[in-house]
Amino acid sequence: MKRQVSYTWRLRNVMADHNIFNTTELVPLLAERGITLSASQVHRLVSGTPERLSLPVLAALCDIFDTTPADLIVTSAQNLAPRRLAAGDSSTSPGHPDAIRPRRATLRPAP
């Protein structure tokens with residue numbers, strides 16, 4: 001059984017809880033903690049959902065808002081339904097080793 005994992009980035013909500021509504025207000029707070037990001041980088045960090053995030057940035061955000069990573073990142077996971085074969089498909093399941101083996105060629109003498 002496969003599982004699908006996802007996450008929700010809650011930086012904007014945490015900022016609002018601390019009455020910070022402008023992304024540029026975050027730039028000097030990060031700089032005080034040794035994190036140098038441009039205003040556009042901070043805007044992308046706040047408005048988007050990052051796929052990668054350095055631990056020093058995460059630690060600085062936790063320090064700024066006196067919170068934990070679990071408050072900034074909410075994770076979830078769910079089981080995926082197994083894939084069903086189409087009607088009339090006699091091939092083996094995609095994960096089975098025989099599914100990737102080529103068919104043996106039949107050699108016939110030339111006419």
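Guide: A contact here means heavy atoms within 4.5 Å, and among contacts in the protein chain between residues at least 6 apart in sequence, 64% join residues at least 24 apart. This is a predicted model, in which local features need pLDDT of at least 70 and side-chain atom pairs count only at pLDDT 80 or more, while totals for chains, interfaces and linings use all residues. Residues are numbered from 1 along each chain as its sequence is written, and side-chain values use heavy atoms, with hydrogens and water left out.

Visitor: Where is the place of Thr-67?

Guide: Helices (H or I, at least four residues) and strands (E, at least two) are DSSP runs, numbered from the N terminus; Thr-67 sits in the loop between helix 4 (55-65) and helix 5 (69-72).

Visitor: Does Thr-67 count as buried or exposed, and at what relative accessibility?

Guide: Buried means under 20% relative accessible area, exposed over 50%, and partly exposed in between (1.4 Å probe, protein chains only), so Thr-67, at 17%, counts as buried.

Visitor: Which residues does Thr-67 touch, not counting those up to four places away in sequence?

Guide: With those neighbours left out, Thr-67 touches Leu-61, Cys-62 and Leu-72.

Visitor: What is the phi of Asp-66?

Guide: Most residues other than glycine have a negative phi. Asp-66, however, has a positive value near 50 degrees; Asp-66 also lies in the loop between helix 4 and helix 5, and is exposed, with a relative accessible area of 74%.
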